[in-house]
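Have a look at the sequence and the fold, then read on for confidence, helices, sheet and a few selected residues.

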Amino acid sequence: MHSLSKRSNLAGYRAGFVAGDGDLVAELLAIRKHAGMIVPGPVQRVMIELLADQQHVELQRQRYLSRRRLLRPALESAGFRIEHSEGGLYLWATRDEDSRSTVNSLAQLGILAAPGDFYGPAAGRYVRLALTATDERIAAAAARLSGL
């Protein structure tokens, strides 16, 4: 399975594909077709173009890396520990408290985070912060964290 949601900024379009054993893929396609979840033709055409272009992928990767370089030290200076966040679109942060308490504290600063317990009990003391906001919003969040 592969998705262009984050790689190519197509999160709302549910653009992705499955490749593999023909019999298994056929079963998945039958389920998807009967559930009314066929990817529209225009989205499929955009996917073809995006899969042929690596330049935008590198640009997006650099964008997330830049945001990470800004937000991570701001969180750490505000008393957070970052774990399991070597790459990707999210930072997993903890202050060793219940994730809901952390979410509330961050909300007071105008920073949205997902409580870790959404993702299972092992993450109950973490919050997940997305690097998908604009550069300006990430910078504003880092500035607010620096005031702590």
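Helices (H or I, at least four residues) and strands (E, at least two) are DSSP runs, numbered from the N terminus. This is a predicted model, in which local features need pLDDT of at least 70 and side-chain atom pairs count only at pLDDT 80 or more, while totals for chains, interfaces and linings use all residues. Residues are numbered from 1 along each chain as its sequence is written, and side-chain values use heavy atoms, leaving out hydrogens and water.

**Confidence**

The protein chain has a mean pLDDT of 92, with 99% of its residues at 70 or more. Confidence in the chain is lowest in strand E2 (residues 16-17), where the mean is 84, and highest in strand E5 (residues 114-115), where it is 98.

**Helix H1**

How far apart are the end C-alpha atoms of helix H1? They are 18 Å apart, which agrees with the 18 Å that its 13 residues (22-34) should span at 1.5 Å a residue; the expected span is 1.5 Å times one less than the number of residues. H1 is hardly covered, with a count of one buried residue among its 13. Here buried means under 20% relative accessible area, exposed means over 50%, and partly exposed is in between (1.4 Å probe, protein chains only).

Strands of a sheet pair through backbone hydrogen bonds, either parallel or antiparallel. In this model, four strands form an open sheet in the order E3-E4-E6-E5, with antiparallel pairing; two strands pair if DSSP finds at least two bridges between them. Strand E3 (81-83) and E5 stand at the edges with a single partner strand each, so one side of each has no neighbour in the sheet. E3 pairs with strand E4 (residues 90-94) over three bridges, and the bridge partner of Arg81 in E4 is Thr94.

Helix H4 (residues 99-108) packs on the sheet, touching E5 and strand E6 (127-130), and its direction makes about 40° with that of E6. Contact means heavy atoms within 4.5 Å; axes are lines fitted to C-alpha atoms, for helices over the stretch in contact, and angles run from 0 to 180 degrees between N-to-C directions. Ser99 belongs to H4 and counts as buried at 0% relative accessibility. Leaving aside neighbours within four places in sequence, Ser99 has contacts that include Pro115, Asp117, Tyr126 and Val127.

**Loop residues**

Most residues other than glycine have a negative phi.

| Residue | Phi | Relative accessible area |
|---|---|---|
| Asn9 | near 60° | 47% |
| His84 | near 55° | 62% |

Asn9 is found in the loop between strand E1 (2-3) and E2, and is partly exposed. His84 lies in the loop between E3 and E4, and is exposed.

Is Ser85 buried or exposed? Ser85 is buried, with a relative accessible area of 2%, and its place is in the loop between E3 and E4. A polar atom of the Ser85 side chain lies 2.9 Å from the backbone oxygen of Glu83, and a polar atom of that side chain lies 2.7 Å from the backbone nitrogen of Trp92. Beyond neighbours within four places in sequence, Ser85 is in contact with Arg68, Arg72, Tyr90, Leu91 and Trp92.

Notes:
pLDDT = per-residue confidence, 0-100. Polar contact = N/O pair within 3.5 Å; in protein donor to acceptor, adjacent residues only side chain to side chain.
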